[in-house]
Amino acid sequence: MKAAGELSPREARQLAIAAQGLGVPRPSPRRRPGAPQLRTLMERIGTIQLDAVNVVQRTQFLVPFSRLGAYEPSALRDLTAPGGPWFEYWGHAASLLPLELHRLFRWRMQRWSDDEVENATAQQRRRAWHEDHREYVAAVHDEIAGRGPLTAAQLSDPRRQAGEWWARRSDGRRALELLFGEGRLAAWRNARFERVYDLPERVIPPEVLAAPTPRVEDAQRELMAIAAAAMGVATVTDMANYFWIAPAVARTAVAELVEEGRLAPMNVRGWGRPAYVLPDARPRPPRGHHASLLSPFDSLIWTRDRTERLFGFRYRIEIYVPEPRRTHGYYVMPLLLGDELVARFDLKADRGESTLRVTGAFLEPGADRGEVVEAATAELDRLREWLGLGRITVGHRGDLAVALAAATDGATS
């Protein structure tokens, strides 16, 4: 396919940032954003990843904060409740998704029903477990149908397991997860981030369940189109990663979208591989004058290779790295300022001490120290206030620590 034109690295960044709802002025803090603004955001980015880590705040709450500022978290919880306009499923990992996409994921539910997931070894192991526990899985489904919404711990026979980490999952949880993956159960999260399971017809509106199921190829092509719009500019592999579509399927879907005129090939200088944009894509400088702290699981930086191509920013999540081997820290949030990632901060919300702790502060090469400190101080204070914490303290790690401590009244920890 012949490229429609060429983008500079900066223009590619601008397209990506705008597509993700970043780089624009936030709503006025005098009137807290709520459900309408959250729904508009979801329409733009297509999905919000869920994650249990609550060192600062869980990622599903941080992603909207990065874009909207101090919104009302209860509004997000209401959107995900039974009958709400969002549902949870396997989009990009465990994700929140708009109900309009429910029909586009039924092919994945069918794959779960057929145990056609993961690699051959995992698939064989899963099919064996499914067969050995078929009667138990049916009993779990019947219990949910009879008793109503339940967590795994509330099952009458959860069949708890001993062992390390993954092996500690009970048979009850495995059965529930299997039924959830198949679409035979739906789920939402309670205040403790536990999945609560119920029958789909008691969670998903009937008109959504009654919507026609598209052909697998059509559904996957639509998901790739949504990914392309949400990413602004992306390679086939980038788009495939957004909703976890197989690369071979993604290549076919992109070729069809180009043929239909819904995507245009585009060269990005320095990428060394074809990229694609919406036909009317026009890069524009960010209009927001604030900085945005990004969750490690923010959809702008999901694909580490793409993050390096876009920003020259090498980013690795170090949550699962032993502490002595970490480079920047446990929960590190990059700082977006203009169209650059200019710094990163290892953060912790110490709720017992009502303190937002900056345990590490690191400047990116080439970034203006004074400008970054001023922008970071303001954004950290907005985050502190939104989290309901009383103060900020700054640790000693990182080349920004001293200047940041001075800017936050010299508070150190």
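Mentor: Happy to! A polar contact is a pair of N or O atoms within 3.5 Å; within protein, one must be able to donate a hydrogen and the other to accept it, and residues adjacent in sequence count only if both atoms are side-chain atoms. This is a predicted model, in which local features need pLDDT of at least 70 and side-chain atom pairs pLDDT 80 or more, while totals for chains, interfaces and linings use all residues. Residues are numbered from 1 along each chain as its sequence is written, and side-chain values use heavy atoms, leaving out hydrogens and water.

Let's start with His-133, in the loop between helix H6 (120-132) and helix H7 (134-147). Helices here are DSSP runs of H or I with at least four residues, numbered from the N terminus. His-133 has a relative accessible area of 15%, so it is buried (under 20%; over 50% is exposed and in between is partly exposed, with a 1.4 Å probe and protein chains only). A polar atom of the His-133 side chain lies 2.9 Å from the backbone oxygen of Trp-129. Beyond four places in sequence, His-133 touches Arg-159 and Asp-171, where contact means heavy atoms within 4.5 Å. Its C-alpha atom is 12 Å from that of Ser-170, which is 37 residues away along the chain.

Glu-379 is buried because its relative accessibility is 0%. The Glu-379 side chain makes a polar contact of 2.8 Å with the side chain of Arg-26, and another of 2.8 Å with that of Arg-382. Leaving aside neighbours within four places in sequence, Glu-379 is in contact with Arg-26, Phe-65, Ala-291, Ser-292, Leu-293 and Leu-335.

Now for a nonpolar residue. Phe-243 is in the loop between helix H11 (236-242) and helix H12 (247-259), and it counts as buried because its relative accessibility is 0%. Not counting residues up to four places away, Phe-243 touches residues that include Gly-46, Phe-105, Arg-108 and Leu-223. Phe-243 and Leu-223 are 20 residues apart in sequence, with 7.0 Å between their C-alpha atoms.

Arg-108 also takes part in a helix pair: it is one of the residues through which H5 meets H8, along with Met-109, Trp-112 and Ser-113 of H5 and Glu-177, Leu-178, Gly-181 and Glu-182 of H8. The axes of H5 (residues 106-113) and H8 (residues 171-182) come within 7 Å and cross at roughly 140°. Axes are lines fitted to C-alpha atoms, for helices over the stretch in contact, with angles from 0 to 180 degrees between N-to-C directions. That makes H5 oblique to H8.

Finally, the cores. A nonpolar core is a set of buried Ala, Val, Leu, Ile, Met, Phe, Trp, Tyr and Cys residues joined through side-chain atoms within 4.5 Å. The largest has 112 residues, and those with the most contacts inside it are Met-239, Phe-345 and Leu-383. A second, separate core has 23 residues, including Ala-16, Val-233, Tyr-315 and Val-332.

Note on methods
Helices (H or I, at least four residues) and strands (E, at least two) are DSSP runs, numbered from the N terminus. Angles under 35 degrees count as roughly parallel, over 145 as roughly antiparallel, 65 to 115 as roughly perpendicular and the rest as oblique.
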